[in-house]
Amino acid sequence: MIVASPKPMEEIIDTVKDCKKLLILGCNECVTVCEAGGKKEVGVLASALRMYFAKQGRQIQIDERTLERQCDHEYLEEIRDIADTYDAILSLACGVGVQFTAEKYLATVVLPGVNTCFLGATEERGLWTERCQACGACVLAKTGGICPVSRCAKRVLNGPCGGSTNGKCEISKEVDCAWQLIVDRLTALGKMDEYEQIAPLKDWSTDRAGGPRKVVKEDVQS
Amino acid sequence: MRLEYPANIKVIRAPCTGKIDVIHLLRAIEKGADGAYVVGCMEGECLYNNGNFRAKKRVLQAQKVLDSVGMGGQRVQMYNLSSAEGPKFAAFAREMTEKIRELGPNPMKLAKKGEAA
């Protein structure tokens with residue numbers, strides 16, 4: 001899923017300070033799971049902002065709404081009738097949701113309420129870690145299911161590098177060396193023969209190097 | 001036991017303090033309560049193992065949110081006691097009342113008065 005973290009309160013206050021009517025728009029998908037922009041977080045932020053502006057003597061109407069997804073037309077259409085009645089929409093969705101909302105409602109300012117961080121997994125409640133960089137050409141079949149692109153600081157495809165010590169990366173003793181994990185896993189699977197095969201140069205044109213990407217699936221298009 | 005505690009305190013029952021969320025504490029302050037405190041079981045003695053520890057973290061989070069908007073995080077607090085400690089319950093009620101009197105009235109009340117005027 002896409003992992004995000006809430007923006008600092010001062011930053012949010014600064015972006016919405018000139019509004020008279022604000023909609024805080026949550027998303028029921030990834031940002032709900034990573035507890036950054038779901039219905040609960042919308043409620044907490046709305047309550048906090050109401051208190052802040054009331055204390056400042058400012059009267060601002062702050063409404064709350066949480067959509068099933070902000071990255072799909074059908075759910076974003078649910079606010080069609082109300083979107084342009086607000087000075088701004090503060091979206092707590094990932095960057096995709098913020099942009100899709102902004103593209104759909106051109107007359108309303110759409111602001112981000114979270115920082116979108118990475119594609120990751122919930123290791124435990126309150127701890128999310130990166131697993132994928134969406135490079136567009138998955139190498140997991142060759143690396144024991146552990147991604148060197150997202151989990152190796154250097155994105156080394158034939159590792160480990162000289163910075164690997166006791167299974168940890170040279171950038172931090174807290175960070176596992178992805179290639180150590182790969183070697184351990186391939187050993188456990190009895191597939192170290194695959195490790196000996198040199199990975200060819202990776203085609204990075206499917207990554208961001210090729211500019212904004214798109215996926216087309218013609219058989220499901222209408 | 002017939003113990004007395006300040007009459008300004010309104011008790012709201014919850015099945016377990018683990019049920020109390022950040023938004024419940026914030027709404028209490030937003031609606032004009034001068035303070036809100038959670039009274040949970042003794043640490044380590046929760047019937048559901050960690051309900052009171054969850055509450056403790058949520059109270060801390062509510063304090064952070066309130067501080068971030070200048071409302072005074074100390075308006076929300078957490079206390080722990082066993083259900084057999086009536087005198088302690090009354091003592092906590094007095095302590096909380098004194099703490100809140102020191103902080104002064106909730107700014108939301110003043111803001112609401114301003115709106116009405």
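What follows is a conversation about charged side chains in a predicted model.

Colleague: How many salt bridges does the structure hold over all chains?

Modeller: The count over all chains is 19.

Colleague: Why is the pair E29(A) and R69(A) called a salt bridge?

Modeller: The N to O distance between the two side chains is 3.1 Å. The cut-off is within 4 Å for a Lys or Arg nitrogen and an Asp or Glu carboxyl oxygen, so the pair qualifies.

Colleague: What does the pair of E29(A) and R69(A) tie together?

Modeller: E29(A) sits in the loop between β2 (21-27) and α2 (30-33) of chain A, and R69(A) in the loop between β3 (61-67) and α4 (73-76) of chain A, so parts 40 residues apart in sequence are tied together. Salt bridges with shared partners also join E29(A), R69(A) and D72(A) into one network.

Colleague: What makes E29(A) and R69(A) partly exposed?

Modeller: E29(A) has a relative accessible area of 30%, and R69(A) has 23%. Buried requires under 20% and exposed over 50%, so both values fall in between.

Colleague: How do you know that K40(A) and D21(B) form a salt bridge?

Modeller: Their closest N and O atoms are 2.7 Å apart, and the limit is within 4 Å. This pair crosses between chains: K40(A) belongs to helix α3 (residues 39-55) of chain A, while D21(B) is in the segment before α1 (22-30) of chain B.

Colleague: Why is E170(A) called exposed?

Modeller: Its relative accessibility is 51%, and exposed means over 50%, so E170(A) counts as exposed. The E170(A) side chain meets that of K154(A) in a salt bridge, 3.2 Å from N to O. E170(A) lies in the loop between β8 (168-169) and β9 (172-176) of chain A, and K154(A) in the loop between α6 (148-151) and β8, 16 residues apart.

Colleague: What makes K202(A) a residue without a salt bridge?

Modeller: K202(A) is buried, and the nearest side chain of opposite charge, D207(A), is 6.9 Å away.

Colleague: Where is K202(A), and which residues is K202(A) in contact with, leaving aside neighbours within four places in sequence?

Modeller: K202(A) is in the segment after α8 (192-196) of chain A. With those neighbours left aside, the contacts of K202(A) are C135(A), A137(A), V139(A), V149(A) and L157(A).

Key
Residues are numbered from 1 along each chain as its sequence is written. Chains are lettered from A and ligands numbered from 1 in the order in which they are written. This is a predicted model: local features need pLDDT of at least 70, side-chain atom pairs count only at pLDDT 80 or more; totals for chains, interfaces and linings use all residues. Side-chain values use heavy atoms; hydrogens and water are left out. Helices (H or I, at least four residues) and strands (E, at least two) are DSSP runs, numbered from the N terminus. Buried means under 20% relative accessible area, exposed over 50%, partly exposed in between (1.4 Å probe, protein chains only). Lys and Arg count as positive and Asp and Glu as negative; His and the chain ends are not counted. Contact means heavy atoms within 4.5 Å.
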